[in-house]
Amino acid sequence: MNPDPDCIFCKIIAGEIPCFKLYEDKATFAFMDINPANEGHALVIPREHAADVHAVSAEAIAATVVTAKKIATAVERTVKPDGLNLLQCNGPAAAQSVLHFHMHVLPRFDNDELKLNWGLQPGDMDAIGALAERIRANL
Ligand code: AMP
Ligand code: ZN
C-alpha cells in the first residue's frame with residue numbers, strides 16, 4: 001500500500017496507534033470512533049491512503065462500502081438504534097478532520113438532534129471498548 005507517515009489512520013492500520021478494532025480484511029479496516037457522536041459510532045477506512053472521495057481509487061471505495069455494510073449490520077444488531085447513517089465528509093465545510101478517506105457508521109436515535117457537523121467530544125474509553133467487543137461478536 002502507500003501509507004502516509006503523518007496520517008493518524010495509516011498509523012492505526014499499522015498498529016502504531018491503538019484502536020478498538022472491529023474488523024479488517026485485505027483492503028479495509030474498521031474501528032470504533034473515540035469521539036462518538038452516538039453510541040456505536042464506528043469508522044471504516046481503506047488500507048489505501050487517499051485524502052478524500054476525489055483521491056480514493058474506485059477499488060478502495062468499493063471495498064470500503066462493502067465493509068461499511070458489514071459493520072452497519074453488526075452495529076444494528078448490537079446497539080439496536082432507531083436508524084443509522086453511512087456518512088462520508090470531504091473538505092473543511094463538511095468538517096472533515098482526518099485526511100484519510102473514511103466512512104462513518106453512525107447509529108441514530110429518535111430525537112437525537114444530531115447535526116451533520118457535530119462537535120467532537122471524547123467518549124468513555126472503557127464503554128467504547130466493551131461495546132466494540134459486543135459488535136465484534138455480532139459480525
Ligand atoms: P471526519 O470529521 O469525517 O474527518 O471524521 C474523523 C473522525 O475520526 C472523527 O469522528 C474523530 O472522532 C475520529 N478519530 C480521530 N482520531 C481517532 C482515533 N485515534 N481513533 C478513533 N477515531 C478517531
Ligand atoms: Zn492515511
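This is a predicted model: local features need pLDDT of at least 70, side-chain atom pairs count only at pLDDT 80 or more; totals for chains, interfaces and linings use all residues.
User: Which residues come nearest to ligand 1?
Analyst: A residue counts as near the ligand if one of its heavy atoms lies within 4 Å of it. There are 17 residues around ligand 1. Those that come nearest are Asp-33, Asn-35, Ala-95, Ser-97 and His-104.

User: How many Å separate a polar side-chain atom of Asn-35 from an oxygen atom of ligand 1?
Analyst: A polar contact is a pair of N or O atoms within 3.5 Å. Polar side-chain atoms of His-102 and of His-104 each lie 2.8 Å from an oxygen atom of ligand 1. For Asn-35, the value is 2.7 Å.

User: What percentage of the area that ligand 1 exposes when taken alone does the protein bury?
Analyst: Taken alone, ligand 1 exposes 510 Å². The part of that area buried by the protein is 92%.

User: Which element gives the largest share of the shell around ligand 1?
Analyst: Two elements give two or more residues to this shell, namely helix H1 (8-14) and strand S2 (28-32). The largest share amounts to 3 residues, and it comes from H1.

User: How many charged residues does the shell around ligand 1 have?
Analyst: By class, the shell has 11 nonpolar residues and 5 polar residues. The count of charged residues is 1.

User: What is the volume of the largest pocket?
Analyst: The largest pocket is the space taken by ligand 1. Its volume is about 510 Å³.

User: Which residues that line the largest pocket are the closest to its centre?
Analyst: The pocket is lined by 27 residues. The closest to its centre are Phe-9, Asp-33, Ile-34, Asn-35 and Leu-43.

User: How many nonpolar residues are in the lining of the largest pocket?
Analyst: H1 and S2 are the elements that give two or more residues to this lining, and H1 provides the largest share, 3 residues. By class, the lining has 7 polar residues and 1 charged residue. The nonpolar residues number 19.

Key:
Residues are numbered from 1 along each chain as its sequence is written. Chains are lettered from A and ligands numbered from 1 in the order in which they are written. Side-chain values use heavy atoms; hydrogens and water are left out. A polar contact is a pair of N or O atoms within 3.5 Å; within protein, one must be able to donate a hydrogen and the other to accept it, and residues adjacent in sequence count only if both atoms are side-chain atoms. Accessible areas come from the Shrake-Rupley method with a 1.4 Å probe; for residues, only the protein chains shown count as cover. On a 1 Å grid over the protein atoms alone, a cavity is a set of points where a 1.4 Å probe fits but cannot get out, and a pocket is an open set with protein on both sides within 12 Å along at least five of seven lines; lining residues have an atom within 4 Å of a point. A molecule sits in a cavity or pocket if more than half of its atoms lie within 2 Å of its grid points. Helices (H or I, at least four residues) and strands (E, at least two) are DSSP runs, numbered from the N terminus. Ala, Val, Leu, Ile, Met, Phe, Trp, Tyr, Cys and Pro count as nonpolar, Asp, Glu, Lys and Arg as charged, and the others, Gly among them, as polar. Grid points are joined across faces, edges and corners, and a volume is the space filled by probe spheres set on the points.
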